[in-house]
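Here are a few friendly notes to read alongside the model. Take them one at a time, and keep the picture open as you go.

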Amino acid sequence: MTRYLRTPRAAVYAGVFLGLLLLPHFVDAYHLTLVETGLSLAIMALGLNLLLRYTGVLSFGIGAYFASGAYAVGLLYMYLPQYFSFELSMLAALAASAAVSALFGFVCVRHTRIFFSILTLALSMLLFAVLEKAYYYTGGSDGIRVPIPTFFGYQFEGMRRFAFLSGPYYYVVLLVFSAATLLMLAIVNSPFGKALQATRDNELRAEMIGVRVKRFRWYAFVIAGTFSGLSGGVWSFVNGHITPEICSWVFSGEVVYMVLLGGFMIFEGPIVGALLFTYLRLYAVAWTEYWMLIVGATLVILVLLLPGGVTGGLYRLIERLTPKARPKAGASV
Amino acid sequence: MLEVKDLFKSFGRFLVIQGVSFAINQNEVVALLGPNGAGKTTLVNLISGHLFPDQGRILLGGRDITHAPPYERIKRGIARNFQLTQLFPELSVLDNVRNCIFSVRGQLSRFFKPASSYQEATAQALEVLEVFNLAQYQNELGAGLSEGDKKILDTAMAFALQPDFLLLDEPTSGVATAEKFKVMDTIIAAIGARGTATLIIEHDMDIVSDYAQRVMVLAEGRILANGAPKEVMQDQAVQETLFGVSEPNAARC
């Protein structure tokens, strides 16, 4: 990890972190909660991109693990309110999403390409049906309310929800997001990450250098699922209410959109995509009831004009302006 | 080192390997010859674990590896290259080889520390690249190499697995004619230093005669001849199979 601290990228990261840390002093509470939403979704987008960019498989069911994390928090509050705290909620979210992704992943990683994508979609819709139909246990389509939790025994008594979100919880989200980003950066650059990229590039050759391809793909699936669960857990407090929609394929499609919008070829792309998408959807919804048309049109424009997404386009522009700063092979991770 | 006993493999109704048996000793370089469709690559795939036989046994160092998956065989010391180059095109040349080193060192599933911080593994990978004259391309993407260099990298990756038994499927195809012998000299020197047993599929008779200590000829899934290069190449049935002629002088070695 210390190696990253010597690279220019680390300086940019430190600058961005500092900017985000000081953000409450420059933007109003409303925008702060939007950034908070974007940052919590970015954790899931990073997880999805571990599958898409580094493992070479596209999941259309990432919402299932996001929902597993969020519902773990909701169900903890519903059935064990005496244990309802942020730290136990996060543990529950991580455990639930890891378990669900381990189970679903066991089925999905035996396939690649369209078969993998359809399986992930089908399994997420299976969980969606369970969450919606098991009304007595999950609240059905009404969902579950998620109140302000305690933090290591500390209670935010009398604090209004909006003040909590735009105050202390922003720093919690920022902390979890930063830790998750650094962890994912370490994973994709590690020998494990390189082995995943090997399976993406050439499954046959990866197998013939000793990579247990399906097992490694399963590990990646579980890591991506657990990141999504963490994201769902953190987000559930931001949203304050969870419904089965977060498990539907439409929501999973939105996460794919985030990753494409930001640029899946660049490590930071999904983060930028999650933040941009949060704003894009909000303004599109506020502007017109046909907001999905705007989101769809943006996707078409992206695919045609900016296949590398916003960050890909930005990096290309920087490369053109500073030809000597062109990154070396493998630096795009 | 390697023993193949009465191996059979069929694809549907087609019997591709029919009762093949042979042994290769440590430090021995054996060439496998045969016309197209003789079953050479299938045999290599059976030994490397890419395919599994219908019948028969494969032993490496006395241990049965017939049904062992590829990763298990690699652990036990088998490595191969490919007739059609198989690299990791979007990884750097260094990462292509370093992944093999991580595999040998049992470090493939490590995460947290960046791959580049594994100094010993990196040094070993660079050493392999030096041996195969690819060190200057270490930061290039695999896809960015010339066809000849890709082929050499493919072989370097097999060598980086530090095998006791190496399968080389046409290691010089695609390499410039002037470079072929240089590449073979490099390979033979490297495997000689390790005492690696090697099975080479090669169509270039000059290479076969210069580097192989023994020649096996495969035809229609059966071993037609197995012996010293000169003796085998004098065999009339071998000449008919390989060159379609029966005159002893037709052979180029």
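1. Let us begin with a term. Accessible areas come from the Shrake-Rupley method with a 1.4 Å probe. By that method, chain A has an accessible surface of about 15,100 Å², and 71% of it belongs to carbon and sulfur atoms. Chain B exposes about 10,700 Å², with carbon and sulfur atoms supplying 47%. Please remember throughout that this is a predicted model.

2. Now for the make-up of chain A. You will find 15 helices and two strands there. The C-alpha atoms of chain A fill a box of roughly 55 × 45 × 45 Å along the principal axes. A compact globule of 333 residues would have a radius of gyration near 20 Å, and the 20 Å of chain A agrees with that.

3. How much of chain A is buried? Buried residues make up 53% of its 333 residues. As for contacts in chain A between residues at least 6 apart in sequence, 79% join residues at least 24 apart.

4. One helix of chain A deserves a look of its own. Helix α8 of chain A covers residues 168-189, which is 22 residues. From its first C-alpha to its last, α8(A) reaches 32 Å, close to the 32 Å expected at 1.5 Å a residue. Of the 22 residues in α8(A), 16 are buried, so this helix is largely enclosed by the rest of the structure.

5. The C-alpha atoms of chain B fill a box of roughly 60 × 40 × 35 Å along the principal axes. Of the 253 residues of chain B, 54% count as buried. Among the contacts in chain B with a separation of 6 or more, 65% are between residues 24 or more positions apart.

6. Is β7(B) mostly covered or mostly open? It is mostly covered, with five of its five residues buried. In a regular strand the side chains alternate between the two faces of the sheet. In β7(B), B:F165, B:L167 and B:D169 point one way, while B:L166 and B:L168 point the other way, and all are buried.

7. Which strands pair with β7(B)? Strand β6 of chain B (residues 78-80) runs parallel to β7(B) and is joined to it by three bridges; here B:A79 has B:L166 as its bridge partner. Strand β8 of chain B (residues 197-201) also pairs with β7(B) in the parallel sense, over five bridges, and B:D169 stands opposite B:I201 of β8(B). Follow the chain through helix α6 of chain B (residues 177-194): β7(B), α6(B) and β8(B) make a right-handed β-α-β unit.

8. Finally, compare some antiparallel pairing in chain B. Strand β1 (residues 2-11) and strand β4 (residues 55-60) of chain B run antiparallel and are joined by five bridges, with B:F8 opposite B:Q55 of β4(B). Strand β4(B) also pairs in the antiparallel sense with strand β5 of chain B (residues 63-64), over two bridges, where B:L60 has B:R63 as its bridge partner. β4(B) and β5(B) form a hairpin with two residues between them, and B:G61 in the turn has a positive phi of about 60 degrees.

Methods:
Residues are numbered from 1 along each chain as its sequence is written. Chains are lettered from A and ligands numbered from 1 in the order in which they are written. This is a predicted model: local features need pLDDT of at least 70, side-chain atom pairs count only at pLDDT 80 or more; totals for chains, interfaces and linings use all residues. Side-chain values use heavy atoms; hydrogens and water are left out. Buried means under 20% relative accessible area, exposed over 50%, partly exposed in between (1.4 Å probe, protein chains only). Helices (H or I, at least four residues) and strands (E, at least two) are DSSP runs, numbered from the N terminus. Two strands pair if DSSP finds at least two bridges between them. A crossover is right-handed if, with the strands pointing away from the viewer, the path from the first strand over the helix to the second runs clockwise. The expected span of a helix is 1.5 Å times one less than its number of residues. Contact means heavy atoms within 4.5 Å. The radius of gyration is taken over C-alpha atoms; the globule rule is 2.2 Å times the number of residues to the power 0.38.
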